[in-house]
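Visitor: I am new to this structure and would like a short tour. Could you take me through it step by step?

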Amino acid sequence: MTNDLRGPLRLAAALTACAAVAAGLAGCGSGDGYTLVRPPFSDNPACDTFTGAIPDRLGGYVLEKTDVAGAGAWGDGDVIVYCGMPEPEAGAECIDEGGVDWVAQAPADDRTAKMFATHGRTPGVQVRLHHETTDAASVLSALGPAVQKIEAGEPCAATGS
């Protein structure tokens, strides 16, 4: 009977590890795969509005189906978007793309080449790009109409375009 419990116990241990890691929004998975995790403030109704307005194509990739509230992925996780993130730290360089203020962030994990977060919006939106060659400006611009559905606060001083 103990042999029959090993599989479910291993699965439970793996899910517990993923849940613990998910608090930091790192993915659990193997190889080049990815796992979406629920953003901390994704229960904000603005995230439902945002995810209902995200484009079907982004950065040359097709939107994938997901059951994770506040998250979207395109092209096998080549572009990942999270709604329900805390506002980024002040002092980061600000750019305006698609009528939205964005700040560059340090990548959150080894799978992320570039990462950006909205400035002055609650809940915040975070964009993770898997490939250095993905055109960040076009991705951020294409997300502009969906992000603009989240009320904007004070703008930051844009230093780029």
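**Around helix α2**

Guide: Among the elements that cover the buried residues of α2 are β4, β8 (124–129) and α3. Please keep in mind that this is a predicted model.

Visitor: Which are the buried residues of α2?

Guide: They are Ala-46, Cys-47 and Phe-50. Viewed down the axis of α2, these buried residues fall within an arc of 100°, so they line one face of the helix.

Visitor: Why would residues a few places apart point the same way?

Guide: An α-helix has 3.6 residues a turn, so residues three or four places apart point the same way.

Visitor: And which exposed residues does the face turned away from the buried side of α2 carry?

Guide: That face carries Pro-45, Asp-48 and Gly-52, which are exposed.

Visitor: What happens at the start of α2?

Guide: There, a side-chain oxygen of Asn-44 comes to within 2.8 Å of the backbone nitrogen of Ala-46.

Visitor: Where is Thr-51, and is it buried or partly exposed?

Guide: Thr-51 is in helix α2. With a relative accessible area of 25%, Thr-51 is partly exposed.

Visitor: What does Thr-51 touch, beyond residues up to four places away in sequence?

Guide: Thr-51 touches Gly-70 and Ala-71. The C-alpha atoms of Thr-51 and Ala-69 are separated by 8.4 Å, and these two residues are 18 residues apart along the chain. The side chain of Thr-51 also reaches the backbone oxygen of Asp-48, at 3.3 Å.

Visitor: Changing topic: how many disulfides are there in the whole structure?

Guide: A search of the whole structure finds two disulfides. In general terms, a disulfide is a covalent bond between the sulfur atoms of two cysteines.

Visitor: Which residue forms a disulfide with Cys-47?

Guide: Cys-83 does, and the sulfur atoms of Cys-47 and Cys-83 are 2.2 Å apart. Cys-47 lies in helix α2 (residues 45–53) and Cys-83 in strand β4 (residues 79–85), so the pair ties together parts that are 36 residues apart in sequence.

Visitor: Is the link of Cys-47 and Cys-83 left-handed or right-handed?

Guide: The link is left-handed, with -85° about the S-S bond.

Visitor: Are Cys-47 and Cys-83 buried or exposed?

Guide: Cys-47 is buried, at a relative accessible area of 1%. Cys-83 is buried as well, with 0% relative accessibility.

Visitor: What does the other disulfide join to Cys-94?

Guide: Cys-94 is joined to Cys-156, with an S to S distance of 1.7 Å. This pair links distant parts of the chain, 62 residues apart: Cys-94 is in strand β5 (residues 94–97), while Cys-156 is in the segment after α3 (136–147). Cys-94 counts as buried at 3% relative accessibility. Cys-156 counts as buried at 17%.

Visitor: Which side chain has a polar atom 2.9 Å from the backbone nitrogen of Cys-156?

Guide: That is the side chain of Asp-101. Asp-101 is found in strand β6 (residues 100–105).

Visitor: Which side chain of opposite charge is nearest to Asp-101?

Guide: The nearest is Arg-121, 6.8 Å away. Asp-101 is buried yet has no salt bridge.

Visitor: And what is Asp-101 in contact with, leaving aside its neighbours within four places in sequence?

Guide: Its contacts include both Cys-94 and Cys-156, the two cysteines discussed above. Also among the contacts of Asp-101 are Ile-95, Asp-96, Ala-117, Thr-118, His-119 and Pro-155.

Technical notes:
Residues are numbered from 1 along each chain as its sequence is written. This is a predicted model: local features need pLDDT of at least 70, side-chain atom pairs count only at pLDDT 80 or more; totals for chains, interfaces and linings use all residues. Side-chain values use heavy atoms; hydrogens and water are left out. A disulfide is a pair of cysteine sulfur atoms within 2.5 Å. Helices (H or I, at least four residues) and strands (E, at least two) are DSSP runs, numbered from the N terminus. Buried means under 20% relative accessible area, exposed over 50%, partly exposed in between (1.4 Å probe, protein chains only). Lys and Arg count as positive and Asp and Glu as negative; His and the chain ends are not counted. A salt bridge is a side-chain nitrogen of Lys or Arg within 4 Å of a carboxyl oxygen of Asp or Glu. A polar contact is a pair of N or O atoms within 3.5 Å; within protein, one must be able to donate a hydrogen and the other to accept it, and residues adjacent in sequence count only if both atoms are side-chain atoms. Contact means heavy atoms within 4.5 Å. The arc is that of the directions from the helix axis to the C-beta atoms.
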